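Biologist: I'd like to learn how to read a model like this one. Could you take me through it feature by feature?

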Amino acid sequence: NHVAAVFSDAQKSNTGHRKLVINLRKIQEACCYEPLSSKKKQAEYDNDEDEFNTEVVRCVLRVLPIKKSETVGDRIVKFLGIFLRVASEKDNQLVADHDGALPETPTSRLTNAILNTLLQLLSTKDKIVRFRATQISAHIINTLDTLDDQMFHLLRLALLKRIHDKESSVRMHAIYGLSRLAAELDEDQQDEDSDDDDASSGVLEKLLNVLQNDPSAEVRRALLLNLPLTPTTLPYLLERARDLDAATRRALYARLLPALGDFRHLSLTHREKLLRWGLRDRDETVRKATARLFRERWIEDCAALPAATAPEEETEDGKKKPSVTKVADPSLEALLELLERIDVANSGNTGGVALEAMSEFWDGRPDYREYVSFDSEAFWDEISPESVFVARTFNDYCRAKDAQGDGRLLDMLEMKMPEVTKFGFLLEIQINRLIECVRGAASGGPDGDGDEEMEEESVQREFIVEQMLHMAISFDYSDEVGRRKMFGLMREALTMPELPEESTRLAVETLRLVCGDDRSDKGESDFCGIVLEAIAEVHDTIMGDEADKTKSSTGEESFHSARSEVSNDGSASRSKKSRRSNNDDGEEEDDDEEKAIREIMVNMKCLHIAQCMLQNIQCELEQTVHLVTMLNNLVIPAVRSQEAPIRERGLVCLGLCCLLGKNLAQENIELFLHCFARGHASLQTIALQIITDILTTHPSLLAPVASSGHGDETSATISATEPSPLLKPVLKTFSKSLKSEDVDVQSTGASALSKLMLSQLIIDPDLLKGLVIAFFDPETSNNASLKQALTYFLPVYCHSRAANAERMATIATGVIGRLAALREAFIEDEDVEESEMVTLSVVGGMLVDWTDPRKVIGSSEEAKTGKLKVEEGAAPDSDMIHFVLAEQILEKLVTSQTSKDERKVLFSMLSKLHLAVSSPDPGLLRTVLELVAEAIESKVASDATSRNALTKIQTTLLKLMHDIATAERGGHG
Amino acid sequence: ATPATTKKKDKEPFEIDFMSPMNQQLADLLYTPAPSNATISLPKKDWKSKTRNLLPDDKHFSSRDLLRLFLKPKARMGSRKSAQQ
């Protein structure tokens with residue numbers, strides 16, 4: 001039999017396929033076409049054709065039971081595809097003269113015969129047959145240009161059933177076939193809106209549904225790469241940028257998006273999100289693919305000349321052919337457009353993704369690094385948010401490389417950048433333009449509504465100044481002329497009330513830098529002095545204006561008036577914009593209101609400058625007279641203000657002052673605790689942060705204090721101590737924060753506790769338990785900050801210190817008990833799905849893992865593997881942690897009432913403990929052994945698995961006991 | 001288990017015998033349809049994923065977050081005096 005022989009050869013390798021296809025075609029032609037066109041013999045040939053088709057189908061059937069892992073199966077499938085394509089091409093050539101609809105040919109009949117057979121087998125019970133049948137059908141669909149309408153319809157129905165197959169491999173091929181059908185239906189839709197319309201949207205809709213919901217990442221990935229790219233599918237495809245599976249995300253960034261065509265057709269939101277998600281992905285390969293997309297494809301869309309944009313060419317397996325089109329020459333205009341297209345005025349701000357994008361850009365585009373230059377007059381004359389961002393990120397990049405030891409880029413930067421003094425003048429021009437603009441926008445148009453254009457421009461000007469200040473902060477100020485220029489400029493800038501907040505912050509930082517540090521001169525105190533002067537001036541400037549207008553000039557010293565009487569007017573809390581509201585109105589009431597608002601503004605501005613300053617100093621507060629004055633005249637009154645924004649800012653300043661003086665901290669920590677107890681959510685968050693920072697900076701505040709009989713400082717009195725009186729209220733505050741309804745308060749509380757626990761300032765087991773429960777509690781499922789902070793913290797905490805892990809062991813059964821109760825209550829709630837809360841067994845597994853003695857840094861196990869050298873004799877104390885856990889679990893089982901679920905988890909935890917240590921503590925060993933015996937006796941283990949766990953642990957412990965006894969006898973003997 | 005795996009490695013490359021006639025075993029395999037579509041499909045509950053198989057928002061929490069002050073993010077914790085700009 002010749003046909004079977006051809007198939008037999010075809011399975012051996014792909015290389016012979018060409019020849020075998022010709023062979024098989026010859027057989028087919030011999031069977032189906034008459035050598036002489038005599039009609040009488042037609043019947044005979046039909047008979048031969050039937051035989052040929054039956055034989056091919058028979059061979060196809062032989063492939064069906066072949067396992068997925070056998071390559072011979074795939075070879076035959078491939079061979080069959082090639083044959084059908086070649087054969088149908090040849091058929092069509094033979095009948096090409098007959099125009100009109102495609103006629104039936106021997107090969108189309110063969111195809112139908114094969115597909116008809118496979119159709120029956122798509123719902124076979126055996127999964128391998130189902131897999132092969134689906135694979136072959138899908139492959140034929142994707143290989144052939146045309147299919148019989150009837151067949152098309154049947155295949156669609158049959159494959160649609162398979163997109164929810166149990167086997168992911170079947171689903172893969174079902175969608176592979178259907179994607180092609182969907183694409184075709186989609187094309188049809190263009191010219192005829194018949195029934196196919198429904199069919200098309202039906203298939204596509206189902207496929208998109210699978211794209212979002214299929215549990216197998218492989219299936220989702222296959223769909224991602226095979227679905228047609230249309231406006232309907234695009235949002236679904238782009239959504240996969242956040243797919244759970246890294247390879248799927250990578251496929252989107254490395255394959256789909258580069259093939260998508262001009263990125264400018266994407267919406268601004270999509271561009272920004274794709275860039276942000278991709279560059280900050282958890283997986284490095286995704287980050288790299290995104291970086292390449294940005295600096296190699298997107299820039300080309302902006303830079304390529306129309307002639308250079310060749311149509312996208314792709315080979316079948318999705319790999320790009322070596323690009324024929326030359327990379328476009330570097331162009332500043334293109335780069336500016338690219339930045340505009342990613343809305344750099346927004347995405348270029350602190351925390352925006354444009355910074356990372358440009359860092360990757362410079363890293364991968366040496367041609368652009370060579371090309372750019374920033375020392376021409378024209379560049380700075382025509383400065384725009386985009387162009388200044390190019391300069392700023394280039395500066396950042398070169399300096400970062402320099403810090404990593406690559407000095408060549410710094411030389412290059414110096415060649416391209418104006419020198420510091422010159423930069424100072426350029427920055428001065430930009431600051432002045434910004435101030436003008438802010439004033440213009442504030443004074444408003446003829447109707448006093450504010451000038452929208454001016455306002456928009458001032459946003460841009462603000463961005464430019466911020467970027468230049470970022471650059472200024474990175475400069476080297478060893479050149480005295482340049483340093484003085486910048487010093488003067490910053491001092492001047494800070495006195496301008498119109499300078500926006502972010503610029504102010506950066507100006508303060510720049511000033512701190514140019515003042516120098518304390519080692520060479522009195523940098524810090526100079527800095528304080530200058531900033532305080534600026535605060536006074538800002539205050540006088542604004543209030544002076546006001547004084548002229550209301551003719552109630554106060555001769556008071558600036559800070560005293562800064563204290564202000566805002567507290568008298570609670571109704572005046574208005575947004576900043578209202579400051580621009582009608583000035584000329586003669587009504588007295590409006591005048592008062594205007595004044596109150598103005599006072600709030602002044603206070604906010606002064607407090608902001610003070611806050612920026614306090615963030616940049618480290619001196620002892622009490623030894624710096626200026627600062628004490630500021631504290632008393634500006635900060636304290638603000639803290640007492642009735643206006644919430646002022647009070648909050650005042651509290652932050654007070655908190656910062658407390659970091660500079662322990663006495664002040666001690667006096668005020670009660671206040672912050674009170675703020676937490678009584679405040680609303682945002683105040684609570686601030687209070688938590690301040691309390692945490694204070695405790696971190698002044699750890700002695702929580703240290704035990706000598707009790708009564710105030711001691712001579714000898715070691716004898718050490719025993720007579722009691723806990724710091726602060727401890728209890730502090731613990732209570734944090735405990736409350738974890739139970740807060742507000743996500744910010746809750747997550748701030750959790751990360752604050754993480755810090756304090758890692759530094760051993762808080763070692764309270766109840767709070768640790770609170771953290772663990774908050775971590776697993778379904779109530780916190782919407783609090784990603786909290787979850788992710790604790791995901792990081794809990795293992796780090798336990799594995800960094802044996803004492804921490806032991807503490808975790810002591811609360812473990814309490815955690816299980818509490819979560820068992822929570823879960824029971826959770827499941828009873830009808831509105832939720834059970835799967836939304838972790839199972840107890842997962843919790844148990846994590847607790848066992850966190851307390852695993854082998855994972856603790858410095859454990860004897862770790863020492864054995866050579867990761868860490870433990871000093872000889874310094875026995876690590878981590879070995880016994882699981883004994884502690886065993887004791888806890890057994891204790892619980894023996895003494896308390898436990899639910900069935902709870903017991904099950906406890907026993908399963910027991911069976912996972914690592915107890916085979918070299919030198920156990922005999923006392924604890926004996927205790928645990930006694931508890932095991934008690935547990936066995938009291939029959940708490942109700943099923944075989946649990947009883948086995950107990951027996952197993954008993955055997956292990958008895959052996960340890962025996963070893964100890966032997967060692968002792970050996971030692972004595 | 002070990003002898004089985006070594007045997008597998010030594011095994012001749014797999015070949016399909018296209019000449020063989022249809023036997024009962026193959027016929028059974030091919031022509032036993034599933035009792036119902038449900039038995040060869042995913043359970044319905046797996047047709048929908050509550051998260052659409054998407055990652056949660058990344059907060060990019062790192063050790064750095066544990067090592068800095070809330071109020072003075074630039075200064076490292078516990079090193080007040082040495083934390084020069």
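Modeller: Gladly, starting with burial: a residue is buried if 20 or more other C-beta atoms, placed from the backbone, lie within 10 Å of its own. In chain A, buried residues make up 40% of the 973 residues. This is a predicted model, where local features need pLDDT of at least 70, side-chain atom pairs count only at pLDDT 80 or more, and totals for chains, interfaces and linings use all residues. Residues are numbered from 1 along each chain as its sequence is written, with chains lettered from A and ligands numbered from 1 in the order in which they are written.

Biologist: How many helices and strands does chain A have?

Modeller: Helices (H or I, at least four residues) and strands (E, at least two) are DSSP runs, numbered from the N terminus. Chain A has 43 helices and two strands.

Biologist: Why is α25(A) described as largely enclosed?

Modeller: Because 12 of its 14 residues are buried, α25(A) is largely enclosed by the rest of the structure. Among these buried residues are A:R505, A:E509 and A:R512. Just after α25(A), A:G516 has a positive phi of about 80°.

Biologist: And on which side of α15(A) do its buried residues lie?

Modeller: In helix α15 (residues 332-341) of chain A, the buried residues are A:L335, A:L338 and A:L339. They cover an arc of only 95° around the axis (taken from the directions from the helix axis to the C-beta atoms), so they sit on the same side of α15(A). Their packing partners in chain A include α14 (284-303) and α20 (385-403).

Biologist: How many residues does each chain bring to the contact?

Modeller: Chain B brings 42 residues and chain A brings 59 residues. On the chain B side, the largest share, three residues, comes from α2(B).

Notes:
Contact = placed C-beta atoms within 7 Å.
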